[in-house]
Amino acid sequence: MSDKQEYQKQWLKQAGVLIEALPYMRRYAGKTFVIKYGGHAMGDSERAREFARDIVLLKQVGLNPVVVHGGGPQIAKMLDRLKIQSSFVDGLRVTDEATVEIVEMVLSGRINKEIVASINEAGGSAIGLSGKDGNLVQAKKVTRTRRDPDSNIEQVLDIGFVGDPDVVNAAFLQNLIRSDIIPVIAPIGFGADGATYNINADTMACAIAKAVKAERLLLLTDVSGVLGGDGELIENMTAPEAHRLIKDGVIHGGMVPKIESLLDAVEGGVSGAVIMDGRVPHAVLLEVFTEHGVGTILRREDI
Ligand SMILES: Nc1ncnc2c1ncn2[C@@H]1O[C@H](COP(=O)(O)OP(=O)(O)O)[C@@H](O)[C@H]1O
Ligand SMILES: CC(=O)N[C@@H](CCC(=O)OP(=O)(O)O)C(=O)O
């Protein structure tokens, strides 16, 4: 076979992939996909380039990607270097004044700009924002309670400058989405009191997805999806199943806020929400443009 014939044979295989994607491109044209890029999903620079290309491709074929990023491991590294101790309550970082300064610096500064730069290098037009820009996300202070084991009295824990999204400026975001811009959002909010709030990135992505009535919320992490008691991947999860798995302790740790975000998003009008492995090459394209998708999906009809 000549070089030309070999090339044509290879190309025909690739054409099949494009044709398989066509119905999904048509179905999702004009729809918004909120993609949470977790700190654990951010691999090496080649992975980051692949992720950026996937996002640019979505925009190019008429979908509207909005990226919300995390950066937990990167914050931990910086706090460690600065010898600032950190602890967690229910998966949320206890955030004092010194910590919130570092969190904002790492998230809105380094990580946000790295993602923006890689999307722009891939041919997109990304703009980096935090919840402070354009009054995008006003946050309210989060509190947690604990029952004291000795007195059995419920105590309120102050976990500092940790916020929950309270008001999202959807109109501002919709203006960006309608243009050729790809918004890249750091999970930082402002308070009515003028303070800066550290927001869990899954919670931030969920609030954004609800506000813009997204077609899908994709949470990219470092596991293939939700694993059941038998260790097998659950491809389609229902809300009662999610509640049962949390109650039984099969879903625990950092997966709990993710599942809560999934449920909240779908109950709040998002058509489907997915937890998936962001380290798999082109995971976003596989999820959006193939019949079976990847990871664990919770659909609106299953709540
Ligand atoms: N049932 C489960 N299925 C899959 N992962 C689970 C489950 N329960 C707990 N986990 C843990 O949740 C982690 C993902 O949460 P987290 O580390 O907070 O991710 P990220 O930093 O990407 O937001 C997984 O690495 C895994 O250790
Ligand atoms: C309140 C709170 O815990 N905020 C997170 C924000 C970053 C985040 O959520 O990043 P990942 O998605 O990579 O874990 C933190 O300080 O680590």
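Predicted model: local features only at pLDDT ≥ 70, side-chain atom pairs only at ≥ 80, totals over all residues.
Let me begin with a definition: two residues are said to be in contact if their C-beta atoms, placed from the backbone, lie within 7 Å. With that in hand, Asn-198 touches Arg-93, Thr-95, Val-100, Val-103, Phe-161, Val-162, Gly-163 and Ile-188, leaving out residues up to four places away in sequence.

Residues are numbered from 1 along each chain as its sequence is written, and chains are lettered from A and ligands numbered from 1 in the order in which they are written.

Asn-198 belongs to strand E10, residues 196–198, where helices (H or I, at least four residues) and strands (E, at least two) are DSSP runs, numbered from the N terminus. Is Asn-198 buried or exposed? Asn-198 is buried, because 26 other C-beta atoms lie within 10 Å; the rule is that a residue is buried with 20 or more other C-beta atoms within 10 Å of its own, exposed with 12 or fewer, and partly exposed in between, the C-beta atoms being placed from the backbone.

Gly-71 sits in the loop between strand E2 (64–69) and helix H3 (72–81), and Gly-71 counts as buried because it has 26 C-beta neighbours inside 10 Å. Apart from neighbours within four places in sequence, Gly-71 is in contact with Gly-39, Val-106, Leu-107 and Ile-111.

Let me turn to the ligands. Around ligand 2 there are 14 residues, the closest being Gly-39, Gly-70, Gly-72, Arg-93 and Ala-201, where a residue is near a molecule or strand if its C-beta atom, placed from the backbone, lies within 6 Å of it. H3 and strand E4 (92–93) each give at least two residues to this shell, which by class has six nonpolar, seven polar and one charged residues. Here Ala, Val, Leu, Ile, Met, Phe, Trp, Tyr, Cys and Pro count as nonpolar, Asp, Glu, Lys and Arg as charged, and the others, Gly among them, as polar. Ligand 1 has 17 residues around it, of which Gly-38, Thr-221, Leu-227, Gly-254 and Met-255 come nearest, and its shell divides into seven nonpolar, nine polar and one charged.

I will finish with the backbone. Most residues other than glycine have a negative phi. Lys-83, although not a glycine, has a positive phi of about 55°; Lys-83 is placed in the loop between H3 and strand E3 (88–89) and counts as exposed, because it has 6 C-beta neighbours inside 10 Å. What is the phi of His-282? The phi of His-282 is near 55°, a positive value in a residue other than glycine. His-282 lies in the loop between strand E12 (272–277) and helix H9 (283–289), and with 14 C-beta neighbours inside 10 Å it counts as partly exposed.
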